[in-house]
Amino acid sequence: VKAVDSGYWPLLRYNPEMRKEGKKPFILDSTRPTIKLEEFAYNEQRYLVLKKNNPEEAARLMELAQESLDLRWHTYEHMAEQEPAEFQPVR
């Protein structure tokens with residue numbers, strides 16, 4: 001649940017066939033992240049080990065990962081708001 005709440009694992013659907021019906025092909029089912037990435041990540045052993053062994057580097061990488069997640073989330077929201085393009089079959 002924390003993976004979804006942090007935005008690490010967004011719930012989304014993409015079905016290009018929906019364009020034929022004039023519907024949006026990209027659907028974002030997740031709500032905006034409600035917790036920071038680190039709240040999820042440091043419950044995972046693979047991330048916790050780095051934090052224990054090299055806390056400065058872990059903090060730097062977590063900051064970069066949060067920035068990346070925020071940008072990706074912004075992109076998903078933008079995609080979900082877009083009106084569907086008119087369907088043009090390939091000839």
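This report describes selected residues, aromatic pairs and a surface patch in a predicted model.

## Ser-6 in helix H1

Helix H1 spans residues 2-6, and Ser-6 is placed in it. The relative accessible area of Ser-6 is 0%, so the residue is buried. Beyond the residues up to four places away in sequence, Ser-6 touches Pro-33, Ile-35, Lys-36, Leu-37, Phe-40 and Leu-69. Among these partners, Phe-40 belongs to helix H2, which covers residues 37-41.

## The loop between H1 and S1

Trp-9 is located in the loop that runs between H1 and strand S1 (12-14). With a relative accessibility of 56%, Trp-9 counts as exposed, because the class begins over 50%. When neighbours within four places in sequence are set aside, Trp-9 is in contact with Ala-3, Val-4 and Ser-30. Trp-9 and Ser-30 are 21 residues apart along the chain, and their C-alpha atoms are separated by 9.0 Å.

Leu-11 also lies in the loop between H1 and S1. Its relative accessibility is 39%, and Leu-11 therefore counts as partly exposed. Not counting residues up to four places away in sequence, Leu-11 touches Val-4, Ile-27, Leu-28, Asp-29 and Ser-30. For Leu-11 and Pro-84, the separation is 73 residues in sequence and 20 Å in space, taken from C-alpha to C-alpha.

## Aromatic pairs

The model contains 3 aromatic pairs. In one of them, the ring centres of Tyr-8 and Phe-40 are 4.8 Å apart and the ring planes stand at 40 degrees, so the pair is tilted. This pair links distant parts of the chain, with Tyr-8 in the loop between H1 and S1 and Phe-40 in helix H2, 32 residues apart. The two partners fall into separate accessibility classes: Tyr-8 is partly exposed, with a relative accessible area of 29%, whereas Phe-40 is buried, with a value of 7%. Phe-40 is also one of the residues touched by Ser-6.

Ring pairs additionally join Phe-26, Trp-73 and Tyr-76 into a cluster.

## Glu-77 in helix H4

Helix H4 comprises residues 55-81 and includes Glu-77. Setting aside neighbours within four places in sequence, Glu-77 is in contact with Leu-28 and Arg-32. The contact with Arg-32 includes a polar one between the two side chains, at 2.6 Å.

## A nonpolar surface patch

Leu-50, Leu-61 and Leu-64 make a nonpolar surface patch of about 220 Å². Of these residues, Leu-50 lies in helix H3, which spans residues 45-53. Leu-50 has a relative accessibility of 33% and so counts as partly exposed.

Technical notes:
Residues are numbered from 1 along each chain as its sequence is written. This is a predicted model: local features need pLDDT of at least 70, side-chain atom pairs count only at pLDDT 80 or more; totals for chains, interfaces and linings use all residues. Side-chain values use heavy atoms; hydrogens and water are left out. Patches are made of residues with over 30% relative accessible area and no salt bridge: like charges are joined within 9 Å, nonpolar side chains (Val, Leu, Ile, Met, Phe, Trp, Tyr) within 5 Å. Accessible areas come from the Shrake-Rupley method with a 1.4 Å probe; for residues, only the protein chains shown count as cover. A salt bridge is a side-chain nitrogen of Lys or Arg within 4 Å of a carboxyl oxygen of Asp or Glu. Helices (H or I, at least four residues) and strands (E, at least two) are DSSP runs, numbered from the N terminus. Buried means under 20% relative accessible area, exposed over 50%, partly exposed in between (1.4 Å probe, protein chains only). A polar contact is a pair of N or O atoms within 3.5 Å; within protein, one must be able to donate a hydrogen and the other to accept it, and residues adjacent in sequence count only if both atoms are side-chain atoms. Contact means heavy atoms within 4.5 Å. Rings of Phe, Tyr and Trp (its six-membered ring) pair if their centres lie within 6.5 Å; planes under 30 degrees apart count as stacked, over 60 as edge-to-face and the rest as tilted.
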